[in-house]
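Dear colleague,

Please read them with the structure open beside you.

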Amino acid sequence: MRTLILILLLVIPCSLAIIKKTIECARVQRNSTCFIEGVSFHSPTDEYLTAFPTSSHIIIESSEILHFSAQLFDALAETAFLTLKGSLIPTVTFRSDELHCLRIDNTGLREFAVTPHDNRNLNTLIINGNPLSAIPPTVRYLTGLSILDLSNNQLEHVKLGWFQTMDNLLVLDLSGNRIARIDIQPSLRLGRLKNFWINHNLLQSVPHFPNFAPSLRRVRLVENRWSCEWVAQVRQSIWSFAIQVYGAEYVCADKLDGGLCCYEGYGYNASDTQLEQAEEIYFDNRRQIEQFPRAERMTAIDRGQAEAQQHVLLTQSYNVLEQKYRRLVEEKEQLEKRFVNTVRELERTVKRLTAELTEAQDTIRAQNLKITL
């Protein structure tokens, strides 16, 4: 009986390995990027019996994977770059010693987890355009991250202490979320952080800014609910640390201070009730600006005419640059088409010359054979 059980234990894994199904690439680009489309898993068994193609870069799109589990990450053979986009993948549990870059784009992601083991191989993590509302504490196990982009999700609260283990973190992008509070301990130091994007959130202040990032060089702050007291305090620090502030605001519901809209009466350590009241005031003021009669709106513009003119000039410059960029992209595409056509023409010429050479060699051989005879 024991012998039979032992045989079964040996045979079952082998049989499972034999019947593993390798997912095929829907198409492969010239740089060997493998595109996988229309994948779905109906049970955990499907995950265990799945093998992905051997490719350094895999993009999975238009698929339905309710849980991209640790087992699916294990099934990625020699893959360094993985992109999940335009699919339904609400849950991801990351585990990989091979991946260098993971991107999750518009997949309906609501839950992201990291297996509790230090990982120094993943260099870039990008999660964009998802209903993700919280960062898991296990993100601290991604100790090798240099770029962490969590923009355009629905995050509400962030603890920067979770990123303290990331000794090489250079870029932290938290823009375009609903973050109302960032917790930062006085002793926290993100020693190599150079780029910090927190624009388009609901922040009133960032404690210990910019002391927690002694190497900070670039920051985006626009479109928040900044306290005027906080803005006045950090302005001098920004000059002292030689930090470049990208973006500026020109029309504000309350007060404009150094290119940032700020609001009087917002405290540093506001209670939940104060936060709710501040939120109501913020949106009331925004609505008042949006509902200005034309004459009043023109008066408001007159008060900030210089800023408005500068904004127009910047917009015009942006439009010119955008047109140049599009023109360059079109020229690049045309050059690529010409290059491809030239290569194809050369291939046809080589084939034709090879055929003519072969025919000539055959003729010479036939003539030599007649002479010999």
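When the whole structure of this predicted model is searched, one cavity of 30 Å³ or more is found. The space in the largest cavity comes to about 40 Å³, and the residues that line it are Phe112, Leu125, Ile127, Leu132, Ala134, Ile135, Pro136, Val139 and Leu150. Sorted by class, this lining holds nine nonpolar residues, with no polar and no charged ones.

Turning to the cysteines, the count of disulfides is three, and with the bonded cysteines numbered in sequence order, the pairing reads 1-2, 3-6, 4-5.

Cysteine 25 is joined to cysteine 34, with an S to S distance of 2.0 Å, and the disulfide is left-handed because the torsion about its S-S bond is about -110°. Of these two, cysteine 25 is partly exposed at a relative accessible area of 26%, whereas cysteine 34 is buried at 2%.

A further disulfide links cysteine 228 and cysteine 262, S to S 2.1 Å, and this link is right-handed, with 90° about the S-S bond. Cysteine 228 belongs to helix H4 (residues 228-240) and cysteine 262 to strand S21 (residues 260-263), so the pair ties together parts that are 34 residues apart in sequence. Both cysteine 228 and cysteine 262 are buried.

In the disulfide of cysteine 252 and cysteine 261, the sulfur atoms lie 1.9 Å apart, and the torsion of about -80° makes it left-handed. Cysteine 252 is buried, with a relative accessible area of 17%, and cysteine 261 is buried as well, at 1%.

With best wishes

Methods. Residues numbered from 1 in each chain as written. Predicted model: local features only at pLDDT ≥ 70, side-chain atom pairs only at ≥ 80, totals over all residues. Heavy atoms only, no water. 1 Å grid on protein atoms, 1.4 Å probe; cavity = no way out; pocket = protein on both sides within 12 Å on 5 of 7 lines; lining within 4 Å. Points joined across faces, edges and corners; volume = space filled by probe spheres on them. Nonpolar A, V, L, I, M, F, W, Y, C, P; charged D, E, K, R; others polar. Disulfide = S-S within 2.5 Å. Buried < 20%, exposed > 50% of the residue type's maximum accessible area, 1.4 Å probe, protein only. Helix = DSSP H or I, 4+ residues; strand = E, 2+ residues; numbered from the N terminus.
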